[in-house]
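Q: Could you walk me through reading burial, ring pairs and the overall fold from a model like this one?

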Amino acid sequence: MLKKVKFVGIPVGDQERALSFWTKQIGLQVATDQPMGDGRRWIELKIPGAQTGLVLFTPPGHEDRIGTFQNVSFNVDDVEETYRQLSERGVEFLQPPKKEAWGTSAIFKDPDGNSFVIGK
């Protein structure tokens with residue numbers, strides 16, 4: 001039976017730039033970085049303290065997904081503090097922290113233009 005989501009794929013146009021962003025600016029850790037042929041790599045990242053990770057890989061024919069809203073929401077302890085820390089690291093936010101009846105969230109984007117939610 002299903003036990004967990006192992007990883008979520010993030011479509012990227014430049015794997016090296018994406019790797020730098022997700023590790024240096026966001027703080028994820030490399031779990032796997034293996035060549036896949038044709039100059040592409042399988043780059044799997046770990047979220048510290050979590051069972052789910054990210055894969056920086058775009059399957060052939062899916063390039064149109066690069067630079068779109070990703071249906072991925074990262075849970076954080078404190079949205080305002082995470083927003084401040086990531087902003088200081090140069091992460092661009094499309095929406096600053098916003099309080100709603102259901103909680104607080106903010107939206108950031110990666111260097112490929114993919115956008116993601118952080119929330120609590």
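Q: Is Trp42 buried, exposed or partly exposed, and how do I read that?

A: Start from relative accessible area: under 20% is buried, over 50% is exposed, and in between is partly exposed, using a 1.4 Å probe and protein chains only. Here Trp42 is at 23% relative accessibility, so it counts as partly exposed. Two notes before we go on. This is a predicted model, where local features need pLDDT of at least 70, side-chain atom pairs count only at pLDDT 80 or more, and totals for chains, interfaces and linings use all residues. Residues are numbered from 1 along each chain as its sequence is written, and side-chain values use heavy atoms, with hydrogens and water left out.

Q: How many aromatic pairs are there?

A: Rings of Phe, Tyr and Trp (its six-membered ring) pair if their centres lie within 6.5 Å; planes under 30 degrees apart are stacked, over 60 edge-to-face, and the rest tilted. By this rule there are twelve aromatic pairs. One of them is Phe7 with Trp42, edge-to-face, at 5.5 Å centre to centre and 75 degrees between the planes. Phe7 sits in strand β1 (residues 7–10) and Trp42 in strand β3, 35 residues apart, so this pair links distant parts of the chain. Phe7 is partly exposed, with a relative accessible area of 31%.

Q: What is the geometry of the pair formed by Trp22 and Phe74?

A: That pair is tilted, with 6.0 Å centre to centre and 45 degrees between the planes. Trp22 belongs to helix α1 (residues 15–25) and Phe74 to strand β5 (residues 69–75), 52 residues apart. Both Trp22 and Phe74 are buried. Ring pairs also join Phe21, Trp22, Phe74, Tyr83, Phe93, Phe108 and Phe116 into a cluster.

Q: Which residue has a positive phi although it is not a glycine?

A: Look at Asp38, whose phi is about 55 degrees. Asp38 lies in the loop between β2 (29–37) and β3 (40–46), and at 74% relative accessibility it counts as exposed.

Q: What pattern does the chain follow along the sequence?

A: Helices (H or I, at least four residues) and strands (E, at least two) are DSSP runs, numbered from the N terminus. The chain has two helices and eight strands, in the pattern β-α-β-β-β-β-α-β-β-β. Its radius of gyration is 15 Å, close to the 14 Å from the globule rule for 120 residues, so the chain is as compact as a globular protein of that length. The radius is taken over C-alpha atoms, and the rule is 2.2 Å times the number of residues to the power 0.38.
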